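Welcome! Please take a look at the sequence and the structure below, and then read on for a short briefing.

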Amino acid sequence: MAQAPQLDFDGFVTRKKAERSTGGIETTGHEYTYTFDRQSRVAFESTKPVAYAVEASVRLFKQVGRHQLLGHAVHVSERQMPRIHNITKRACDTLQIAMPQVFVVNDPRFNAGTLGTNEDSFLIVHSSLVDQYSDEELLTVIGHECGHIHNSHVAYLTALHYLTYMAGMFLPWLLQPAMIALRTWSRRAEITCDRAGMLVSKDQAAAERAITKLAVGSRKLYEEFNLEAFLEQHEEGSQGIGKYMEVFATHPWLPKRVLAMRSFGESQLYQKTIGKPAVGLTMSEVDSRVAALLKGEA
């Protein structure tokens, strides 16, 4: 049976602080990282409710979560589901990160996720994605998840995963300080990782399809999907008190994500990555556009 790695949260924090104090590798962000994602993670290091939640959640995953995956999911390898293995390797090679352990779970919902720590990451792909997505669309999704690893998001994602689960079983108000902070950060982190998916696939159209298929949930219905009409929902949805419900979400609303991706598509960084002249928006200008787009919710 495949052996899952041992998770070491204390070592994760110690190494991260040591890297900063000695001028070593900076894991807080990269050139494409959304500024407010980076700032949130720096703030987490001095926020006790979040720090406690992260430590407890990673330990819980070590004790329970990894065994659940080994018991009910399929561990991807060169011999097991090589299509997914090869797509993941391509994403990891592009971002220059180590291969995480990848598992396919039987789930009809279009989704994927990453748990563990940066050093010991588990990428989880729902079977419906593998069925319904093209290789380029799946590369965008897996590139997005690898972006979480590349940007040191994984321990925080694990904390949010378990806090959300525990809030339904215990007194939710006890968990609210950490959950609010982590959800706010998560919406910002998704912007970063949508960019990672674009950089990995180098195909903006595929990236937009991968995001908008989440709203449709059907390959057949997607044949009748009008992307521009879908984006018009952002303007309609920005009116009224209902727009504030986004503060309880872990991801920005889907039209906003597509619009944020389009801003990144106009950046010098993305244009250079796809082999075109490096003309367009600076990353500071892209982030200003995105901040205005997310104003009030992110």
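Two strands count as paired if DSSP finds at least two bridges between them. Helices (H or I, at least four residues) and strands (E, at least two) are DSSP runs, numbered from the N terminus. This is a predicted model, in which local features need pLDDT of at least 70 and side-chain atom pairs count only at pLDDT 80 or more, while totals for chains, interfaces and linings use all residues. Residues are numbered from 1 along each chain as its sequence is written, and side-chain values use heavy atoms, with hydrogens and water left out.

**The strands around β4**
- Strand β2 (residues 101–105) runs parallel to β4, and five bridges link the two.
- Within this pairing, F103 has I124 of β4 as its bridge partner.
- β3 and β4 are antiparallel and are also joined by five bridges, with T114 opposite L123 in β4.
- Four residues lie between β3 and β4 in the hairpin that they form.
- Six of the six residues of β4 are buried (under 20% relative accessible area; exposed is over 50%, partly exposed in between; 1.4 Å probe, protein chains only).
- On one side of β4 the buried residues are S121, L123 and V125, and on the other they are F122, I124 and H126.

**The largest pocket**
- A pocket is an open set of points on a 1 Å grid over the protein atoms alone, where a 1.4 Å probe fits and protein lies on both sides within 12 Å along at least five of seven lines; lining residues have an atom within 4 Å of a point.
- The volume of the largest pocket is about 1400 Å³, taken as the space filled by probe spheres set on the points, which are joined across faces, edges and corners.
- Its lining has 45 residues, and N111, A112, G113, H126 and H161 lie nearest the centre.
- Elements that each supply at least two lining residues include β3 (112–116), β4 (121–126) and α8 (172–201).
- The most comes from α3, which gives seven residues.

**The whole protein**
- The protein has 14 helices and four strands.
- Of its 298 residues, 50% count as buried.
- Among contacts (heavy atoms within 4.5 Å) between residues at least 6 apart in sequence, 69% join residues at least 24 apart.
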